[in-house]
Amino acid sequence: MKLRFPRFDRSENTSRVTSSSPTDPKTSNTSGGSEQPVFGTEELAFLNAAALDYLRSLSLADLRRRVDAVSVDEIDTTAGVAAASELLEKEGIVIVRGFLDQTRLRSADGAISRAMDALDAASPERNYEDDDILVQSAERVATSYTAMASYPKTLATIRRGADAGMVDVFNVDRLAGDQRDALREPFVSEGLLKLIAEGENPPEAKNLNLYVNRDITHTRGFHADSFGKSLKGFVYLSDVKSLDDGPYCFVRRTHVDGPWRKANQKISELAQAKTESPFIDISMAVPVLAPSGSLILSDQAGIHRGIPQAPGAERRLMVMRYL
């Protein structure tokens, strides 16, 4: 089975609805003009709480066994690609250990350090800009995903309000200098392109983006991005050792139609976002605890969420956008 692969990081679009969105209506209008009750964020958080509590009760050994069940060691060989493809088709997720080795990770150090210095130079009252990067904190110069992705220099957006603590850095590889090609090379490897290709035409690598989560203690509950197949992939740039670090969490085998999806579709008719999915088989949930350099590919038609971070935690990841 080949998964439709539109863009790795579309779900990271800053315009998407999240559980931290300030809008929390108690009613919504149908096309007929009548008012229908809807679940707000508090009700959805209540429905999601039991699953979070259960995951937090598990030992690290239990959590690692869940990760191991959907992991492969490489996608450089025909056998490795076949094993990864089988997991994607059956489980909806695959984790590739050591996708970026220490040499590759070091190639990102300069760009990340440069971006973080620029972020520190900005303030809520003013943007920061130099020859290489624009940090939009106060005034928004680019607002749409397309505008940010096509901006002529690296562009960082510091989110505000309920999303405070989330930072999106578009085209971070432009800050890598002579390490730029080395940084991009794994994302156009033959094995990865085979995994994500649709038909005979290989996808074209475009924007390489950095996402930083700092102190994100509230996140959207379990949900799907859509109910049509689409693949998301990202690489951890920091070790995610425990639930406190805020790992990505995916519920295996929910990327295909079944009773869990049907139940969630019914309940989400009462929610603002129609893909809320608080009902899950908790035994199939996989919080992805993995070291830096790990690649995660998952079908976003499956149920997933980010686990809330502990206060003071920071997580960094990198995403390549393909066309």
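Is Tyr236 buried or exposed in this chain? At 0% relative accessibility, Tyr236 counts as buried, where buried means under 20% relative accessible area, exposed over 50%, and partly exposed in between, with a 1.4 Å probe and protein chains only.

Before I go on, a word on the basis: this is a predicted model, in which local features need pLDDT of at least 70 and side-chain atom pairs count only at pLDDT 80 or more, while totals for chains, interfaces and linings use all residues. Residues are numbered from 1 along each chain as its sequence is written, and side-chain values use heavy atoms, with hydrogens and water left out.

Overall, the chain has 8 helices and 15 strands, these being DSSP runs numbered from the N terminus, H or I of at least four residues for helices and E of at least two for strands. Of the 323 residues, 52% are buried. If we take contacts between residues at least 6 apart in sequence, 74% of them join residues at least 24 apart, a contact being heavy atoms within 4.5 Å.

Now to the rings. The count comes to 4 aromatic pairs, by a rule under which rings of Phe, Tyr and Trp (its six-membered ring) pair if their centres lie within 6.5 Å, with planes under 30 degrees apart counted as stacked, over 60 as edge-to-face and the rest as tilted. One of these pairs is Phe99 with Phe187, edge-to-face at 5.9 Å centre to centre and 70° between the planes. This pair links distant parts of the chain, 88 residues apart, with Phe99 in the loop between β4 (93-96) and α4 (102-121) and Phe187 in the loop between α6 (180-184) and α7 (190-196). Phe99 counts as buried at 12% relative accessibility, and Phe187 is buried at 2%.

Phe234 and Tyr236 also form a pair, tilted, at 6.2 Å centre to centre and 45° between the planes. Phe234 is buried, with a relative accessible area of 3%, and together with Tyr236 and Tyr248 it forms one aromatic cluster.

Finally, consider Asp245, found in the loop between β10 (231-236) and β11 (248-251). Asp245 is buried yet has no salt bridge, the nearest side chain of opposite charge being Lys241, 7.2 Å away; a salt bridge here is a side-chain nitrogen of Lys or Arg within 4 Å of a carboxyl oxygen of Asp or Glu. The backbone nitrogen of Lys241, however, lies 2.8 Å from a polar atom of the Asp245 side chain. Leaving aside neighbours within four places in sequence, Asp245 is in contact with Asp239, Val240, Gln309, Ala313 and Arg315.

How values were computed:
Lys and Arg count as positive and Asp and Glu as negative; His and the chain ends are not counted. A polar contact is a pair of N or O atoms within 3.5 Å; within protein, one must be able to donate a hydrogen and the other to accept it, and residues adjacent in sequence count only if both atoms are side-chain atoms.
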